[in-house]
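Please open the structure in your viewer and keep the selection tool at hand. The tour below goes stop by stop, saying what to select and what is there.

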Amino acid sequence: MKHQKGFFLLAGLIILSAYHTTSAQLKPDRAVRIDAVINKHIAARHIPGATALILRHGKVIYQQSFGYADMETRRAMRADDIFRIASQSKALTSLAVMMLWEEGKFLLDDPLSRYIPAFKAPKVLVSHNPADDSYTTRPASREITIRDLLRHTSGIAYAAVFSDPVMQRIYANAGIPSGIGTSTSTIREKMELLATLPLQHDPGAAFTYGLNTDLLGYLVEIWSGQPLDVFMRQRVFEPLEMKDTWFHLPAGKKDRLVSLYETTANGGLEKVNHQLYEGVDPLFPTLKGSYLSGGAGLSSTTADMANFYTMYLQKGQFKGKQLVAPSTVELILRNQLREGVHPSPLPQQPDDFAFTLGGFALTTAGNAYLQPRSIGSFGWGGAYNTHGWADPQKGLIVLLFTQEYLSPYFSIGEEFEAAVYQALP
């Protein structure tokens with residue numbers, strides 16, 4: 001790519017001049033290793049840039065922007081740049097769901113069909129004929145519940161993402177979207193269509209990462225009587241002062257959207273200029289669309305997401321506003337996967353993987369050996385290489401955002417995590 005050489009020659013200068021703040025709550029001689037993780041990946045042409053933010057006990061102890069938000073125009077990354085957060089949207093939509101649970105709109109173990117009758121008699125896939133894409137089914141052992149959707153145990157798969165290849169084929173033939181970006185149609189139309197398709201397994205039998213949170217977004221519309229974006233803005237974004245979190249960016253914010261890149265065959269970086277997944281336009285979310293994906297459709301900033309995590313660490317409160325009760329926060333952050341419910345098809349997850357009602361992976365006594373996070377830590381990432389978590393025991397909120405499509409370097413999140421914890425006093 002013709003701009004790469006100049007980009008990497010200038011990268012060091014941009015990193016040095018980027019907005020950078022640290023405090024005594026990180027050991028100075030070790031905090032430099034946090035920078036080194038990001039600089040290493042920029043120098044190796046894995047990412048064009050990144051923004052990182054760490055809070056401890058409500059105070060910013062580290063904030064830095066690295067590299068470029070757009071390589072072609074040489075626009076330096078800024079702390080307030082906007083990123084496509086993909087599956088980090090799930091936690092925000094799950095909060096909206098639990099707000100409505102507090103209001104008595106549903107019970108967690110209600111059957112989904114009580115609110116969307118098309119899901120009354122779910123079927124499970126038995127066999128598939130690749131010659132003509134016909135398939136056979138059997139009745140599911142039970143109905144899908146709202147809890148199944150929140151914890152991803154419904155048997156609903158993911159179009160184009162993490163799904164069993166047969167389920168991907170069935171979804172593609174039916175026109176079910178991944179939700180990762182602007183799509184035509186509406187969540188109502190696509191979720192009603194989803195009800196006609198088979199499940200990958202019986203509800204409750206396994207954790208299968210799927211379109212569950214898009215379906216929850218449709219339920220938010222049913223329960224609240226409002227479009228999902230309106231409910232989220234009024235009840236979640238505005239109270240949390242998340243002024244840069246949107247399904248589709250207003251005109252005045254489009255210039256702060258970070259460009260999306262991908263790794264090329266020769267190890268370089270190239271701006272994405274083709275359709276993504278099942279046909280998403282690479283210009284999303286600057287294009288207005290009618291499909292509001294609660295599972296993957298939002299864009300945001302590290303500062304906005306820090307406010308979101310802050311609310312959880314403050315037992316549902318933010319700047320005097322009580323979004324949900326402390327007891328609801330406790331329920332949201334409990335592990336919802338019973339023994340024997342193993343993660344599938346997320347790769348490289350341990351048998352003791354834990355997942356909450358809030359859209360977070362959870363650190364428990366059973367899996368704490370895997371990472372430096374304290375027991376009780378919770379967080380999740382997004383498909384375009386965004387990462388975030390909160391550690392209540394240490395009072396930490398940690399966010400690292402970069403922006404690549406199908407990046408082979410998603411492990412940058414784990415490297416960053418190791419660097420953060422080794423720098424704590």
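Helices and strands are named here as runs assigned by DSSP, in which a strand (E) has at least two residues, and they are numbered from the N terminus. Keep in mind throughout that this is a predicted model.

Begin by colouring the protein by pLDDT, for which the mean is 92, with 93% of the residues reaching 70 or more. Then select residues 1–19, where the pLDDT is below 50, although this stretch has 37 contacts in the model beyond near neighbours in sequence. Where pLDDT is low, the predicted coordinates should not be read in detail.

Next, select His-57, which sits in the loop between strand E2 (49–56) and strand E3 (59–70). Most residues other than glycine have a negative phi, and most peptide bonds are trans. His-57 is not a glycine, yet its phi is positive, at about 50 degrees.

For a peptide bond that is cis, move to Phe-284 and Pro-285, which are joined by such a bond with an omega of about 5 degrees. Pro-285 belongs to the loop between strand E9 (269–271) and strand E10 (299–300).

How many cavities of 30 Å³ or more does the structure hold? There is 1.

Now turn to the second largest pocket, which has a volume of about 200 Å³. Of the 16 residues that line this pocket, select Arg-84, Ser-259, Leu-260, Lys-271 and Leu-283, which lie nearest its centre. The lining of this pocket counts 7 nonpolar, 3 polar and 6 charged residues.

Finish with two helices, H3 (residues 89–102) and H8 (residues 228–237), which pack with their axes 10 Å apart at an angle of about 80 degrees. Because of that angle, H3 counts as roughly perpendicular to H8. To see where they meet, show the side chains of Leu-92, Thr-93, Leu-95, Ala-96, Met-99 and Leu-100 in H3, together with Phe-231, Met-232, Arg-235, Val-236 and Phe-237 in H8. The residues of this contact between H3 and H8 comprise 9 nonpolar, 1 polar and 1 charged.

Note on methods
Residues are numbered from 1 along each chain as its sequence is written. Side-chain values use heavy atoms; hydrogens and water are left out. pLDDT is the predictor's confidence in each residue, from 0 to 100. Contact means heavy atoms within 4.5 Å. On a 1 Å grid over the protein atoms alone, a cavity is a set of points where a 1.4 Å probe fits but cannot get out, and a pocket is an open set with protein on both sides within 12 Å along at least five of seven lines; lining residues have an atom within 4 Å of a point. Grid points are joined across faces, edges and corners, and a volume is the space filled by probe spheres set on the points. Ala, Val, Leu, Ile, Met, Phe, Trp, Tyr, Cys and Pro count as nonpolar, Asp, Glu, Lys and Arg as charged, and the others, Gly among them, as polar. Axes are lines fitted to C-alpha atoms, for helices over the stretch in contact, and angles run from 0 to 180 degrees between N-to-C directions. Helices (H or I, at least four residues) and strands (E, at least two) are DSSP runs, numbered from the N terminus. Angles under 35 degrees count as roughly parallel, over 145 as roughly antiparallel, 65 to 115 as roughly perpendicular and the rest as oblique.
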